Amino acid sequence: LVVLCALSLIGGSVDAENCGNSTTDVIDMLTKQPRESVWIEGGFTTAGDQEWRNISTIFNTFENAVVFISLPEIDGETSNDGYPAIARVRNATTSGQISFEVKLYQANDSYCLKTWNIPEPIFPELKLSWIVAEQGAFNLTGNYFMIGEGPINRVSADV
């Protein structure tokens with residue numbers, strides 16, 4: 001039994017009471033001990049570019065977690081059919097019940113080009129997936145997960 005039941009939210013609701021486990025297939029590679037508590041949770045949401053969307057985990061036992069957000073699901077067979085958009089995360093907590101905000105951003109090249117392209121607001125909102133995971137190194141039946149954090153902001157436009 002794997003402690004990933006929070007990822008099975010597609011068809012119904014899951015809470016801490018009905019997600020108990022008596023065994024685990026997850027080994028914490030730092031402590032070399034089986035991981036008996038929830039270390040990962042994921043879900044789906046929609047977001048636009050006008051307002052921040054608040055998201056919270058179901059479980060409240062995280063100790064030092066990080067947030068991952070997917071690229072938005074934009075209609076079209078190829079990247080030429082869509083438009084540039086990226087999800088941003090802010091105000092993420094790292095312990096207990098994790099909460100964070102997500103919002104989409106579009107490229108606004110009115111600052112760069114003579115033929116301005118100021119994007120229209122995104123409607124309807126686009127689908128995103130998210131994962132909250134404990135920082136660390138985990139072995140899940142031979143599959144290794146190394147989870148950490150670091151800055152992804154550029155210091156200047158010259159980099």
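The model is predicted, so local features need pLDDT of at least 70, side-chain atom pairs count only at pLDDT 80 or more, and totals for chains, interfaces and linings use all residues. Residues are numbered from 1 along each chain as its sequence is written, and side-chain values use heavy atoms, leaving out hydrogens and water.

**Largest pocket**

- A pocket is an open set of points on a 1 Å grid over the protein atoms alone, where a 1.4 Å probe fits, with protein on both sides within 12 Å along at least five of seven lines.
- The largest pocket has a volume of about 680 Å³ (the space filled by probe spheres set on the points, which are joined across faces, edges and corners).
- Its lining has 21 residues, and Val67, Ile69, Val89, Gly150 and Ile152 lie nearest the centre. Lining residues have an atom within 4 Å of a point.
- Strand 5 (65-69) and strand 6 (85-90) each give two or more residues to this lining. Strands are DSSP runs (E, at least two residues), numbered from the N terminus.

**Second largest pocket**

- The second largest pocket has a volume of about 220 Å³.
- Among its lining residues are Arg88, Tyr105 and Pro119.
- Strand 6 supplies the largest share of this lining, three residues.

- Four strands form an open antiparallel sheet in the order 2-1-9-10. Strands pair if DSSP finds at least two bridges between them.
- Strand 2 (33-34) and strand 10 (143-147) are at the edges with a single partner strand each, so one side of each lacks a neighbour in the sheet.
- Strand 9 (residues 136-140) pairs with strand 10 over five bridges.
- Ala137 has Met146 of strand 10 as its bridge partner.
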